[in-house]
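The points are numbered and can be read in order.

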Amino acid sequence: MVKKSFISIISHEEKKEDRGSVEFQILSLTNRIRNLSSHLELHRKDYLSQRGLRKILGKRQRMLSYLSKKNRIRYKELIDHLDIRESKTR
C-alpha cells in the first residue's frame with residue numbers, strides 16, 4: 001500500500017525524536033492526503049472527507065511555504081523526496 005512506503009522513509013528512531021519537525025509533519029500530512037485521495041476515488045460524494053482533504057491540503061501548503069522561507073535547501077529536498085509539486089509563488 002502507498003502509506004507503508006512513505007512511512008518507511010523515516011526510520012523509527014527519527015520518528016520518536018523529530019515528531020515536531022516541519023519535515024515530519026509535512027510527511028504525515030502527505031500520507032493523510034494520499035489516503036483520503038484514494039478513499040475519495042471510491043466514494044465521490046463523501047463531502048465531509050472532501051472538506052477534510054481541503055483543510056489538510058491548506059495546512060500542508062502553509063507548512064511548505066514556511067519551510068521554503070526558512071530553509072530553501074531542505075524544502076527542495078523534501079519536495080523531491082515526496083514527489084510533490086513546488087508551490088506557486090505569489
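**Notes on the structure**

1. Glutamate 86 counts as partly exposed, at 37% relative accessibility. Partly exposed is the range between buried, under 20% relative accessible area, and exposed, over 50% (1.4 Å probe, protein chains only). Accessible areas come from the Shrake-Rupley method, and for residues only the protein chains shown count as cover.

2. This is a predicted model, in which local features need pLDDT of at least 70 and side-chain atom pairs count only at pLDDT 80 or more, while totals for chains, interfaces and linings use all residues. Residues are numbered from 1 along each chain as its sequence is written, and side-chain values use heavy atoms, with hydrogens and water left out.

3. The protein chain contains five helices and zero strands, so defined that helices (H or I, at least four residues) and strands (E, at least two) are DSSP runs, numbered from the N terminus. Read from the N terminus, the order of elements is α-α-α-α-α. Of the 90 residues in the protein chain, 29% count as buried.

4. Glutamate 86 takes part in a salt bridge with lysine 76, at 2.9 Å from N to O. That pair links distant parts of the chain, since lysine 76 is in helix 5 and glutamate 86 in the segment after helix 5, ten residues apart. Lysine 76 is partly exposed, with a relative accessible area of 35%. A salt bridge here is a side-chain nitrogen of Lys or Arg within 4 Å of a carboxyl oxygen of Asp or Glu.

5. Glutamate 86 also meets the side chain of arginine 72 in a salt bridge, at 2.7 Å from N to O. Because arginine 72 lies in helix 5 and glutamate 86 in the segment after helix 5, this pair ties together parts that are 14 residues apart in sequence. Arginine 72 is partly exposed, at 38% relative accessibility.

6. How many salt bridges does a search of the whole structure find? The search finds three. One of them joins glutamate 23 and arginine 74, with the closest N and O atoms 2.3 Å apart. This pair links distant parts of the chain: glutamate 23 is in helix 3 and arginine 74 in helix 5 (residues 72–82), 51 residues apart. Arginine 74 counts as partly exposed, at 36% relative accessibility.

7. Helix 3 covers residues 22–42, which is 21 residues, and spans 31 Å from its first C-alpha to its last, close to the 30 Å expected at 1.5 Å a residue. The expected span is 1.5 Å times one less than the number of residues in the helix. The buried residues of helix 3 include Val22, Phe24, Ile26 and Leu27. Isoleucine 33 lies in helix 3 and is buried, with a relative accessible area of 8%. Between isoleucine 33 and arginine 54 there are 9.1 Å in space, C-alpha to C-alpha, and the two are 21 residues apart in sequence.

8. Arginine 54 belongs to a positive surface patch, together with Arg32, Arg51, Lys55, Lys59 and Arg62. Patches are made of residues with over 30% relative accessible area and no salt bridge; like charges are joined within 9 Å, and nonpolar side chains (Val, Leu, Ile, Met, Phe, Trp, Tyr) within 5 Å. Lys and Arg count as positive. Helix 4 (residues 47–70) gives the most to the positive patch, with five residues. Lysine 55 is in helix 4 and is exposed, with a relative accessible area of 54%.

Technical notes:
Accessible areas come from the Shrake-Rupley method with a 1.4 Å probe; for residues, only the protein chains shown count as cover. The place of a charge is taken as NZ of Lys, CZ of Arg, CG of Asp or CD of Glu.
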